[in-house]
Amino acid sequence: MKKVCVITGGSSGIGLSIVKLFVENDYLVFNLDLSPSLLGADFKSEYRQCDVTNIDQVTKIITDIAKQHTIDVLVSNAGIHFSANIENTSEADLDKVFNINVKGAYAAIKAVLPSMKAHNNGSILLMASDQALIAKHNSFAYNLSKSALASIAKTTALDYASFNIRANAVCPGTIETPLYHQAIDNYCQRSGANKAEVHQEEANLQPLQRLGQPEEVAELVLFLASDKAKFITGSLQVIDGGYTAQ
Ligand code: NAD
């Protein structure tokens, strides 16, 4: 029988690579996202239209999946980026980032736990960031949200270890996805900087002298979801080309 993975935000970037890799590895994948990927059908995943800020909706979709399937893996990946220091972050900005990045994860985890507990098995992955470990300039709300995800991984790992449920946070550095390009575009618009130059500067900041690719993050997630990682829980798994080692 196929293993079942529920992922949020699987229609673009890192999430899309995870969907693709899990399908290739014979998982049945349910992708909960605002809109389907243009390529989604090619990857043979099940799409469910979902806004992770709508807790009732997340709960209903996941509960319905759990009525038909045993959920083995949750990848809470949906997230947005927001650039500003604390003074330039309005309460509405803060709420928006927190509702998607943190409360979305809270809703998805809460919804999969009954199924995972009933089967005494499960692996939960939270897509955090290198910003769960370090701060970056003009990243007040995003940094806060990613630190919160690291905390959720740890508390969930402790509270559900007795049910053989593991929880880990994946902490990517700068990964070349639509979210990355949008962040660079926004910066260039504000500052008048040249995008190609900014992109090169970003690459130069990494010890490995390049940005990460979404497929590389997907490989780590596949490993952490599998039984090969069955002694790994409550951890923050950095995948950042050496950035946070500096
Ligand atoms: P992306 O923008 O390419 O993809 C994000 C996906 O989340 C999209 O499909 C989007 O539709 C979905 N999404 C956004 N809001 C949603 C909502 N309310 N409900 C449901 N789905 C929603 O971004 P990405 O770069 O692939 O980022 C994925 C995750 O990885 C995010 O949590 C991000 O913070 C994290 N991350 C990214 C990087 C990077 O450099 N790209 C680095 C570290 C962490």
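These legends describe close-up views of a predicted model.

**View 1. Helix 3 packs against helix 4.** Helix 3 covers residues 91-118, and helix 4 covers residues 140-160. Their axes lie 9 Å apart, at an angle of about 15°. Angles under 35 degrees count as roughly parallel, so helix 3 is roughly parallel to helix 4. The crossing of the two is right-handed. Helix 3 contributes Leu94, Val97, Phe98, Asn101, Val102, Ala105, Ile109, Leu113 and Lys117 to the contact. From helix 4 come Phe140, Ala141, Tyr142, Leu144, Ser145, Lys146, Ala148, Leu149, Ile152, Thr156 and Tyr160. By class, the contact of helix 3 with helix 4 has 15 nonpolar, 3 polar and 2 charged residues.

**View 2. Ser115 sits in helix 3.** The relative accessible area of Ser115 is 8%. Buried means under 20%, so Ser115 is buried. Neighbours within four places in sequence are left aside here. Beyond them, Ser115 is in contact with Ala66, His69, Thr70 and Ile71.

**View 3. Helix 5 packs against helix 6.** Helix 5 runs over residues 178-191, and helix 6 over residues 195-205. The angle between them is about 125°, and their axes are 10 Å apart. Helix 5 and helix 6 are therefore oblique to each other. Helix 5 passes helix 6 in a right-handed crossing. On the helix 5 side, the residues that meet helix 6 are Tyr180, His181, Ile184, Asp185, Tyr187 and Cys188. Helix 6 answers with Lys195, Val198, His199 and Glu202. By class, this contact of helix 5 with helix 6 has 5 nonpolar, 2 polar and 3 charged residues.

**View 4. Helix 7 spans residues 214-225.** Helix 7 has 12 residues. At 1.5 Å a residue, helix 7 should span 16 Å. The expected span is 1.5 Å times one less than the number of residues. The end C-alpha atoms of helix 7 are 16 Å apart, which agrees.

**View 5. Several elements cover the buried residues of helix 7.** The buried residues are Pro214, Val217, Ala218, Leu220, Val221, Leu222, Leu224 and Ala225. Their cover includes helix 1 (13-24). It also includes strand 2 (27-33), strand 4 (73-76) and strand 5 (122-127). Strand 6 (165-172) and strand 7 (236-239) are among the covering elements too.

Technical notes: Residues are numbered from 1 along each chain as its sequence is written. This is a predicted model: local features need pLDDT of at least 70, side-chain atom pairs count only at pLDDT 80 or more; totals for chains, interfaces and linings use all residues. Side-chain values use heavy atoms; hydrogens and water are left out. Axes are lines fitted to C-alpha atoms, for helices over the stretch in contact, and angles run from 0 to 180 degrees between N-to-C directions. Helices (H or I, at least four residues) and strands (E, at least two) are DSSP runs, numbered from the N terminus. Angles under 35 degrees count as roughly parallel, over 145 as roughly antiparallel, 65 to 115 as roughly perpendicular and the rest as oblique. A crossing is left-handed if the near helix is turned anticlockwise from the far one by less than a right angle, and right-handed if clockwise. Contact means heavy atoms within 4.5 Å. Ala, Val, Leu, Ile, Met, Phe, Trp, Tyr, Cys and Pro count as nonpolar, Asp, Glu, Lys and Arg as charged, and the others, Gly among them, as polar. Buried means under 20% relative accessible area, exposed over 50%, partly exposed in between (1.4 Å probe, protein chains only).
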